[in-house]
Structure formats: structure tokens, C-alpha cells
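Have the structure open as you read.

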Amino acid sequence: MPQASSSFSTQLNLFDFLTKEDQTELVTNGIELVDEAPEENYVDSAKKTELILLGVWGISLSAFILINNSYGPWPLFMKSIPERTFFLSHMIGGMLFGGGIILTTCIERLVAKSNNPDVLQFWFKKVPELDGLIVVPALTISMISGTGLSIVRYGGLNIAPPHVSAIFWTLIAFLTWWAATDLTTQVTALKAVDEMYESYQNGEEGLETPKVVVDRHVSNVVSCFFVLTLYSFMVLKPGTLFAFPWSPWT
């Protein structure tokens, strides 16, 4: 009987130990889940805030252009700024904007073709920073200085030659396209890349770049064509150096 009691006591102790271990693992996993949830919520919240700010920026910039195109020079102090100041700002803004769009398109294509989770995650965490540091400021400078040039050279955007209006309408079309196809897919692409990276860390091999990332190349290429169209208008000046097919000479 003492041996049976001792054996039974050992089994109970072993059961208690395993139960405590399971509880510890459950609590640990619970802590990990709790820790991960706020981080995901923070990323989603930060992205939503970024999209809202970009929306406000896009609407404000478009309103600035439309006011100048409809009612004349605004604000009036832009008349007193030297033409060369606007010209230099326009050249710098245009180079950074066009170069940023084309360069990031090429880089993202190479990143997508690499099928490398580390590279993909690094890139998609940096895309918003590139937008905020290069594309958005460059486009803002380019559009405001371009409006200033039309005011100083021609008296206002509303009475500028046809190619100037064509440039600004193309820019507004680009903003609409970029917001609808690029910004809206960044969150989805980042989540897909994070899932791919998690699978990679779990030891899975032969992983391929998520489809949403690959499909973004179409949006990026169209954006590049917007840039080429803009530069074509700037250099060829349709309606000024030669007539539009639907419009007489000006």
C-alpha cells in the first residue's frame, strides 16, 4: 500500500507540473497576443491618419489650382515674387517629383521580383517615408511654383496658354489616380508582406511575392506615363508651339 500511495502521489505531482506548464504557456501566448494586437492597431491607426492627411493635402492643393484657374491670381502676393525664384523652385520640384516616381517604380519592381521577405518588408515600411519626404513635397513645390510662373509670366493661370492648363489638369488626374490605386493598396500590401515574413520566420521555403504587391506595378507604370505626359506638355507646349488637334492656334 505505501508503494501504491507513493506512485499515486508521483502521478499527481507530475499532473500538477504539466498542468502548470500548460497554464504558463497559455498565459505566455496570451501575453504575446495582447502585445501584438496593440501594435497592429497602432499601424492601422497610423496608416489611416496618414491617408487622411494626404487626402486633406490633395484637396487643398487641388482647390488652390482650381481657384487660380477660375478666378485669377491668388494669393495676390505671388505677383511680387521674382520669376526666377518660381522657375528655380519649379525645376527642383519637377526633378524630384518625376525622378521619385520613376525611380521608386523601378525599385519596387526589382523588390517584387526578388521574392525575398526581408527585402519586401524593408521596402514597404519605407514607401510611406519616401512619399512623405520626396514625392509629396516635390509635387507641392512644383504645382505652387508653376502657378506662380503662370501669374508672373502670363498674368494668371486662368489666362495662361493652353499647355499650362493641360499640365495642371494632368497633375490633378495624376493625384486622383495615385490616391485611388497606390495609397489604397499600401496597407494591404504591407499586411500581405508581413504574413509572408512570418511564414518565412516559421521556416517555410519557396515563398513568392504576394499578388497585391505584384499588381501594384501596373499602377506604378501608369503613374510614370503621367509623368512623361507632364514633361511632354512642358517641352512641346501644345497649343503654343503647335496647335491642339481640337483647338486653333493661340
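What follows looks at one helix, then at its neighbours, then at a pair of aromatic rings.

## The model and helix H2

Keep in mind that this is a predicted model. A handy place to start is helix H2, which covers residues 83-114.

## H2 against H3

Helix H3 takes in residues 117-154. H2 and H3 pack with their axes 7 Å apart, at an angle of about 155 degrees. Angles over 145 degrees count as roughly antiparallel, which is why H2 and H3 get that label. The crossing of H2 and H3 is left-handed.

Who's at this contact? Sorted by class, the residues where H2 meets H3 come to 21 nonpolar, 11 polar and four charged.

## H2 against H5

H2 also packs on helix H5 (residues 211-236), again at about 155 degrees, with the axes 9 Å apart. That angle makes H2 roughly antiparallel to H5, and this crossing is left-handed too.

If you want to click through the contact, H2 brings residues including His90, Met95, Phe97, Ile101, Ile102 and Arg109. From H5, the contributors include Val213, Arg216, His217, Cys224, Leu230, Tyr231 and Met234. The residues of the contact between H2 and H5 split into 13 nonpolar, seven polar and three charged.

## H4 against H5

H5 has another partner in helix H4: their axes come within 9 Å and cross at roughly 165 degrees. That makes H4 roughly antiparallel to H5, and H4 passes H5 in a left-handed crossing. Here the contact residues divide into 16 nonpolar, 10 polar and two charged.

## A tryptophan pair

How many aromatic pairs turn up in a search of the whole structure? There are six, and one of them is Trp57 with Trp178. A pair like this is described by the distance of the ring centres and the angle of the planes. For Trp57 and Trp178, the centres are 6.3 Å apart and the planes are at 85 degrees, an edge-to-face arrangement.

Where do these two tryptophans sit? Trp57 is in helix H1 (residues 2-71) and Trp178 is in helix H4 (residues 162-201), so the pair ties together parts that are 121 residues apart in sequence.

Notes
Residues numbered from 1 in each chain as written. Predicted model: local features only at pLDDT ≥ 70, side-chain atom pairs only at ≥ 80, totals over all residues. Heavy atoms only, no water. Helix = DSSP H or I, 4+ residues; strand = E, 2+ residues; numbered from the N terminus. Expected span 1.5 Å × (residues − 1). Axes fitted to C-alpha atoms, helices over the stretch in contact; angles between N-to-C directions. Parallel < 35°, antiparallel > 145°, perpendicular 65-115°, else oblique. Left-handed = near helix turned anticlockwise from the far one by under 90°. Contact = heavy atoms within 4.5 Å. Nonpolar A, V, L, I, M, F, W, Y, C, P; charged D, E, K, R; others polar. Phe/Tyr/Trp six-rings, centres within 6.5 Å; stacked < 30°, edge-to-face > 60°.
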